[in-house]
Amino acid sequence: MIHAVFVAAEGSNQNPLLPATYDIVWSAVVFVIILVAFWKVFLPKMQAMLDARAEAIEGNIAKADEAQAKAEAALQEYTAQLASARQEAGEIRDAARADAVKIVAKAKDDATTEQARIAQAAQAQIEAERQSAVVSLRKDVGSLAIDLASSVVGESLSSDQKASALVDRFLADLEASEKAAQ
């Protein structure tokens, strides 16, 4: 079969690889029509669509950049507010510590004042009880001393002035001997 193709080709002057001239002309006309239609109709529409897409992409990029700038600004504002809040919390803590120190100092002062008042009241009560005991002891010692002196002397010390003078002298001597012993 290949041999038949070569024999047929030898009989014609035309190269079997090249098409006929009318095919080349009509193919060129159709190619030019398609090229002009593509150049005038499809290419501008395609270019407009690509331009619109590029504008949309650029718009989205601009929006994204703007949103990123806003986010960064919000982050900086948040960071500043957080730092301010931390500083304010530190100041509040320091103020609370200072107040606590003041309260403790005031409580100590109040406790010291109350302690002094209680000690003074106790001292006054002790002094009053001592005075009461001294008066009671003077009376008891006086009556015992008078009874003792009456029985020793053998005389009646019924006179109040004599008895009182004797008791006072006895107690004075007793106090003097206590002071000398100390």
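Mentor: Start with R97, which is exposed at 53% relative accessibility. One thing to keep in mind is that this is a predicted model.

Trainee: Which residue does R97 form a salt bridge with?
Mentor: D94. The closest N and O atoms of R97 and D94 are 3.7 Å apart.

Trainee: And how far apart are R97 and D94 in helix 2?
Mentor: Three residues, which is about one helical turn.

Trainee: Is D94 exposed or only partly exposed?
Mentor: D94 is partly exposed, because its relative accessible area is 47% and exposed requires over 50%. R97, at 53%, counts as exposed.

Trainee: How many salt bridges does the structure hold?
Mentor: Five. One of them joins the side chains of E66 and K70, with 3.5 Å from N to O.

Trainee: Where do E66 and K70 lie?
Mentor: Both are in helix 2, which covers residues 21–153. E66 and K70 are four residues apart, or about one turn of the helix.

Trainee: What about exposure for those two?
Mentor: K70 is exposed, with a relative accessible area of 54%. E66 counts as partly exposed at 45% relative accessibility.

Trainee: How many residues apart are E127 and R130?
Mentor: Three, again in helix 2, so about one helical turn separates them.

Trainee: How accessible are E127 and R130?
Mentor: E127 is partly exposed, with a relative accessible area of 33%. R130 is also partly exposed, at 43%.

Trainee: Why would such side chains pair at all?
Mentor: Opposite charges can pair when the charged atoms come close.

Trainee: Where does L35 sit?
Mentor: In helix 2. L35 is partly exposed, with a relative accessible area of 41%.

Trainee: How many aromatic pairs does the structure hold?
Mentor: One. The pair is F38 and F42, with ring centres 6.2 Å apart and planes at 45°, so it counts as tilted.

Trainee: Why tilted and not stacked?
Mentor: Stacked needs planes under 30 degrees apart, and edge-to-face needs over 60.

Trainee: How far apart are F38 and F42 along the helix?
Mentor: Four residues, about one turn, with both in helix 2.

Trainee: Let's zoom out. How many helices and strands does the protein have?
Mentor: Three helices and zero strands. Along the sequence, the pattern reads α-α-α.

Trainee: What share of the residues is buried?
Mentor: Buried residues make up 5% of the 182 in the protein. Buried here means under 20% relative accessible area.

Trainee: And the accessible surface of the protein?
Mentor: About 15,800 Å². Carbon and sulfur atoms account for 64% of that surface.

Trainee: Which places should I revisit on screen?

Definitions and conventions. Residues are numbered from 1 along each chain as its sequence is written. This is a predicted model: local features need pLDDT of at least 70, side-chain atom pairs count only at pLDDT 80 or more; totals for chains, interfaces and linings use all residues. Side-chain values use heavy atoms; hydrogens and water are left out. A salt bridge is a side-chain nitrogen of Lys or Arg within 4 Å of a carboxyl oxygen of Asp or Glu. Helices (H or I, at least four residues) and strands (E, at least two) are DSSP runs, numbered from the N terminus. Buried means under 20% relative accessible area, exposed over 50%, partly exposed in between (1.4 Å probe, protein chains only). Accessible areas come from the Shrake-Rupley method with a 1.4 Å probe; for residues, only the protein chains shown count as cover. Rings of Phe, Tyr and Trp (its six-membered ring) pair if their centres lie within 6.5 Å; planes under 30 degrees apart count as stacked, over 60 as edge-to-face and the rest as tilted.
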